[in-house]
Amino acid sequence: MRLFFKFVIGLLMLAPLGLPAQDLILEEVDLRNDPKALFNKLSTTVPLPEVVGSRDEYEANARQQGYTPEQYTHLLQRLTRVNLEPNMGNDNNKMDANRLLKVLDIGAFTPYDKAMLLMLKGRELGRHQHKYQDAIVQLEQALNSTQDMDDLQGLLLKFTIHEQLGSLHLMLHQDVPALVSLQRLRELAYQLRNNFLIALAESEMGKYYVAKQQLTKALQHYNEAYRLSNSDDYPLQRANLQLQLARVYRDLDQTTEALQYAHDAVEGFEALGFDSQLSISFTVIAMIHANANEWNKAIDYYLNAQQVDIRAGNNIALARNFHNLGEAYINLNQFAQALEYLGKANTMLAERKLNHYLVYNEQLLAQANCGQAVWQECVAHADKAIALAVEQSLPEVQIEALEQKVRAEQATNDAAAAMADQARIIGLLKQHPTTPEETEQSGSVLTEQKLKLDLALQQGQLQDIGKALDSRTSQVFAFIALSLVALIALYFLARSRRLDKRRLKRLQQQMPQDALTELPGYRGFIDYLSQPASNVQSLVLLSLWGKQQPDLELGLHRYIQLSQQQQRSLEQALDCRVFLVRPGTFLLCCHQDVEQPQQLIDTLEGRLGLKELRLGLIRLPLMANKEIRLTPQVLFETLQMALAGSLSLDSKQSIFVSLRALDFAPAAIFSPPLYLHVEKALSRGLVRIETNGDREAICWPGAAATE
């Protein structure tokens, strides 16, 4: 009887190849949304297997449990995945995961199972052994094994692999492969058409742009992910996104919003019992206070995070926390306590060979020892930081460590060494100049000013030494030459920035214009409608030429003249802004509600002297619920569909087609692919059509647009 019940429960949990697509996706979502619940469920259903020596033993074990070999393999794969997740409450998760991998080595039979096994091994290398580069190699092998897998299982496996590759590359500062993996992850998420997975992909893109300090792009991705996560009940994902939003707002110096999201994340993770994320949330709150120079408050929250890390036994997080505490005490000029915490962090990070964290800790150790005037230790740690930074291509860390080293060398009157290290700093600044976009938010300008000041002071010192000691004359000349090189480099850098700013301003002026006519175009419409003060009541997409191509039929010169004339006529005839979005097609942003489309047609025909006009019309707001704000891009695509409907009607008179969502219509009908969703909404009566033509004869383009 017990075997029978285990068999029934297992069947309910399985997702073999024959299950519907939606069930496979929901299974993936459940594993990510609440892995602890899934772990508890699987642990009671599938006992941890003993390592077997052959395929026959494996299949016999599966039949003994009441499963087919395929079902049994699938259950073990899921059990392995949750054992590789943090905060599972299983103290033996490392040993259990290793045993499961050995069993799956025997049980992997199909190409999918073998690719899944490679992915799991890569995950184990990174999660438990911290061999991140080896994990990347293993995951790349898994990805190569899925090239011919175009079914849903294969897509979900590719999604998982790209997610892990993106995270590992980003952790190791491998920006280009990280972006490639994350862009592919996003493409797969939209291909799978699941809000949870799309939100996950958007969140990972946000992490990438945060790491690149492109905070505006990061905020766009996080806001989209947060919007999608709120549409379903996924508390873990929502708490993670609140945490990420808190980080972005912190880096944007939006303290109120940052603290609000961070405290919301703390409440979410506390309720879910996720200690690792709870610790990170406390750390983010501490950093927000640190940005405001409230270092004592920051230390309080770092200590809260420390208690959580100790309770969870998360030694890596604990090491990072020691590092953060050391930084806080440096800023309070309490260097002895700073050295105590940084020393603990250094020991733990060095033991685990976590060089991507160790490099920053060594740099802070150099800074703290300089604060204590322990110059020999300062130089030693600075040298270690420089070596690690060179290995990981981190020029900013090299510069900071070299500055600490120069400080120590100046204090010990080692002028030659100081001059040599300052030359290295100048070389790094020349190799990695600050881009114009980064200038306002980075500290490079301050670094350059400090460098010039240090160089000037050092030059004076060397000149004094040269007057007193003839033997050091060569050093004085060398230093002067170095100063001249630095000044020339700074001059050309400033000149380059000015030129770049001019080019950027010119490009920004040209972006909203149509390429041929230089009239306001599609990008100009997007910018205009995005302004809160635009006060647009109705949008009209007007085709003057039907399905003809005026730019080809008239020639470029005549087409430009006619387009400019028509644009002026439209703006003079109507209270609107006019944009040329394609040859012969104008978009009208009307500041009055177009209640009588026929009256608008009469005005246009009289003003333009043309017949057989075709119009797509929507009145704003498109949704009855004014709290739902559709993007200008969505409104434009809706106009395109309305105009396509009017163009499909064969009539000698001017035709308009107007679309409007009914009060009970959901916002999802205007999500990609929009043509397909709107066409379905039309057939269900969720969108109302108004036209002066034959409504039944309209041929909507939705089906063709999704092929």
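N293 sits in the loop between helix 15 (275–291) and helix 16 (295–312), where helices (H or I, at least four residues) and strands (E, at least two) are DSSP runs numbered from the N terminus. The model is predicted, so local features need pLDDT of at least 70 and side-chain atom pairs count only at pLDDT 80 or more, while totals for chains, interfaces and linings use all residues. Residues are numbered from 1 along each chain as its sequence is written, and side-chain values use heavy atoms, with hydrogens and water left out.

Backbone geometry makes a friendly place to begin. Most residues other than glycine have a negative phi, and most peptide bonds are trans. N293, although not a glycine, has a positive phi of about 60 degrees. At 60% relative accessibility N293 counts as exposed, given that buried means under 20% relative accessible area, exposed over 50%, and partly exposed in between (1.4 Å probe, protein chains only). N333 is likewise not a glycine and has a positive phi of about 60 degrees. This asparagine is found in the loop between helix 17 and helix 18 (335–351), and N333 is exposed, with a relative accessible area of 56%. Another asparagine, N324, lies within helix 17 (residues 315–331) and counts as buried, at 9% relative accessibility. Leaving aside neighbours within four places in sequence, N324 is in contact (heavy atoms within 4.5 Å) with T283, M287 and Y302.

Two cis peptide bonds are worth a look. One joins L620 and P621, with omega about -5 degrees, and P621 has its place in the loop between strand 4 (614–619) and helix 29. The other runs from P672 to P673, with omega near -5 degrees; P673 is found in the loop between strand 5 (655–661) and helix 30.

Turning to charged pairs, a search of the whole structure finds 24 salt bridges, each being a side-chain nitrogen of Lys or Arg within 4 Å of a carboxyl oxygen of Asp or Glu. R186 and E202 form one of these through their side chains, at 3.0 Å from N to O. This pair links distant parts of the chain, with R186 in helix 10 and E202 in helix 11, 16 residues apart. R186 counts as partly exposed at 30% relative accessibility, whereas E202 counts as buried at 2%. A salt bridge also brings together the side chains of D421 and K405 (3.9 Å, N to O). D421 lies in helix 22 (residues 415–431) and K405 in helix 21 (residues 395–411), so this pair ties together parts that are 16 residues apart in sequence. Both D421 and K405 are buried. Salt bridges that share partners also join E28, R32, R81 and E163 into one network. The side chains of R352 and E351 meet in a salt bridge as well (3.7 Å, N to O); R352 counts as partly exposed at 26% relative accessibility, and E351 is exposed, with a relative accessible area of 57%.

The nonpolar interior comes next. A nonpolar core is a set of buried Ala, Val, Leu, Ile, Met, Phe, Trp, Tyr and Cys residues joined through side-chain atoms within 4.5 Å. The largest such core has 72 residues, and L76, M119 and I161 have the most contacts inside it. Not counting residues up to four places away in sequence, I161 touches M119, L139, A142, L143 and T146. A second, separate core of 55 residues includes A189, A201, A239 and L243.

On a 1 Å grid over the protein atoms alone, a cavity is a set of points where a 1.4 Å probe fits but cannot get out, and a pocket is an open set with protein on both sides within 12 Å along at least five of seven lines; lining residues have an atom within 4 Å of a point. Grid points are joined across faces, edges and corners, and a volume is the space filled by probe spheres set on the points. The structure holds one cavity of 30 Å³ or more. The largest cavity has a volume of about 170 Å³ and is lined by 14 residues, of which E27, E28, H74, R81 and Y112 lie nearest its centre. The second largest pocket has a volume of about 2,300 Å³. Of the 47 residues that line this pocket, R227, R629, L630, T631 and V634 are the closest to its centre. Helix 12 gives the most to the lining of the second largest pocket, with seven residues.
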